[in-house]
Amino acid sequence: MTTAHTSADPTAALIAATEEHSAHNYHPLPVVVASAEGAWMTDVAGRRYLDLLAGYSALNFGHGNRRLIDAAKAQLDRVTLTSRAFHHDRFAEFCARLAELCGMEMVLPMNTGAEAVETAVKTARKWGYRVKGVPDGQARIVVAADNFHGRTTTVISFSTDPEARADYGPYTPGFDIVPYGDLAALEAAVGDTTVAVLLEPIQGEAGVLVPPPGYLAGVRELTRARNVLFVADEIQSGLGRTGRTFACEHEGVVPDVYLLGKALGGGVVPVSAVVSSAEVLGVFRPGEHGSTFGGNPLACAVALEVIAMLRGGEIQQRAAELGEHLHHELNLLVGGGAVEAVRGRGLWAGVDIAPAHGTGREISERLMERGVLVKDTHGSTIRIAPPLVVSKEDLDWGLDQLRAVLGA
Ligand SMILES: *Cc1c(COP(=O)(O)O)cnc(C)c1O
């Protein structure tokens, strides 16, 4: 209201400037973050917020994680970028350690998740032509409805979300879309020219949808029997979020190809990767695919520290234990009137709010006023995915705020 008040809290002015000078392809909550540590963020007016989104799992290890920041700082002083025109001394170790973590043989590094998915599409097609023997130009990839695999033109070509797709045609052909979790539909869609089945083992953006028991194992069996690559997009579900290194592990499934991103960059730099066997990633020859920044020294240094932290298994164990507690508490709300359903695994939950209690956006805004940041999806769902380093006390405090907002 007064000038003094405005200068003490620049939130409104910064949001107005954002609206004026940036494309409106997001609708952020009205909070302007200035710093963050662990599971907490502080805004420009000094208010603190518990982060229950964790950058869509890019921040699994928390904000300002000491080991990751130190690894980045040390590498910043040595060399940050070489391009793949030359070798650099962190690359071999990064690829070897990541392949080892995945139980695979080879790594193709990129930067963003969408690039990893694009790379997987190209890999599967090339494998289809060179190894499987699919006639040129005929390769098809089966995907699931309500998927989220990123925002590029090809990736949104096989989205079923009208918001993500509209006005971006013509679309890339070669994809068959089946209902998620329906093994019979998947089996019917796999034909002689199918080169891959591409799935999220848990659909994050769709509302943290866990497929029915046996689905992933069924996909594994079917793809093996039909000589089709099983590509698991673990960009959001992987690297500890569900209480295991990979969400596929919950069904004892090892896919042919893992897609990783988000947490692989430790919330510091974008790092993504396609990880697979030598038979599959061996299809590439020099010049056939690449990225200026993919596998750069800074990215490798940070990712190596991420991999080292995952190797011991403590963070996965922590996600499993705290996740069990989270789901226990959330499930107590189901049937109380405010919450219609809770889904998820580990420290990852989709909570469907009863419409009478407000939209997901409204609940998110009310939580923000109480110092908790979450993100809504599909109108009536909120997602809870704190950094895996969150303390039980902080998580419980966040749950208290949720109960208060829901009047539960
Ligand atoms: C976030 C995400 C992507 C895309 O990653 P970007 O880094 O935003 O391009 C792809 N797949 C899944 C499952 C994701 O959650």
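Leaving aside neighbours within four places in sequence, which residues is Leu98 in contact with? They are Val107, Leu260, Leu264, Ala273, Val275 and Ile307, where contact means heavy atoms within 4.5 Å. This is a predicted model, in which local features need pLDDT of at least 70 and side-chain atom pairs count only at pLDDT 80 or more, while totals for chains, interfaces and linings use all residues. Residues are numbered from 1 along each chain as its sequence is written, and side-chain values use heavy atoms, with hydrogens and water left out.

**Nonpolar cores**

- The largest nonpolar core has 62 residues, and Phe94, Leu98 and Leu330 touch the most other members.
- Helix α12 (residues 297-311) gives the most to this core, contributing 10 residues; helices (H or I, at least four residues) and strands (E, at least two) are DSSP runs, numbered from the N terminus.
- At least three residues of this core come from each of domain 1 (11-64 + 314-406) and domain 2 (66-311), with bounds taken from an automatic or database domain assignment.
- Another core lies apart from it and has 28 residues, among them Leu108, Val117, Ala120 and Ala139.
- A core here is a set of buried Ala, Val, Leu, Ile, Met, Phe, Trp, Tyr and Cys residues joined through side-chain atoms within 4.5 Å.
- Buried means under 20% relative accessible area, exposed over 50%, and partly exposed in between (1.4 Å probe, protein chains only).

**Salt bridges**

- There are 17 salt bridges in the structure, each a side-chain nitrogen of Lys or Arg within 4 Å of a carboxyl oxygen of Asp or Glu.
- One of them joins the side chains of Asp9 and Arg47 (3.1 Å, N to O).
- Asp9 lies in the loop between α1 (3-8) and α2 (11-21) and Arg47 in the loop between β2 (40-43) and β3 (48-51), so this pair ties together parts 38 residues apart in sequence.
- Asp9 is buried at 17% relative accessible area, whereas Arg47 is partly exposed at 37%.
- Asp9 and Arg47 also belong, with Asp43, to a network of salt bridges.
- In helix α14 (residues 360-369), Arg361 and Glu365 are four residues apart, about one helical turn, and their side chains meet in a salt bridge (2.9 Å, N to O).
- Arg361 is buried, with a relative accessible area of 16%, while Glu365 is partly exposed, with 28%.
- Helix α15 (residues 392-406) holds both Arg403 and Asp400, three residues apart; their side chains form a salt bridge (2.9 Å, N to O).

**Aromatic rings**

- Four aromatic pairs turn up in a search of the whole structure; rings of Phe, Tyr and Trp (its six-membered ring) pair if their centres lie within 6.5 Å, with planes under 30 degrees apart counted as stacked, over 60 as edge-to-face and the rest as tilted.
- Phe158 and Phe175 have ring centres 4.3 Å apart and planes at 35°, so the pair is tilted.
- Phe158 sits in the loop between α7 (153-157) and α8 (162-165) and Phe175 in strand β6 (residues 175-178), 17 residues apart; both are buried.
- Tyr180 and Tyr215 form an edge-to-face pair, 5.7 Å centre to centre with 70° between the planes.
- Tyr180 lies in the loop between β6 and α9 (183-189), and Tyr215, 35 residues apart from it, in helix α10 (residues 215-225).

**Charges over rings**

- Arg48 places its charged end over the ring of Trp40, 4.7 Å from the centre; this requires NZ of Lys or CZ of Arg within 6 Å of the ring centre and within 35 degrees of the ring normal.
- The charged end of Arg165 likewise sits over the ring of Tyr171, 3.9 Å from its centre.
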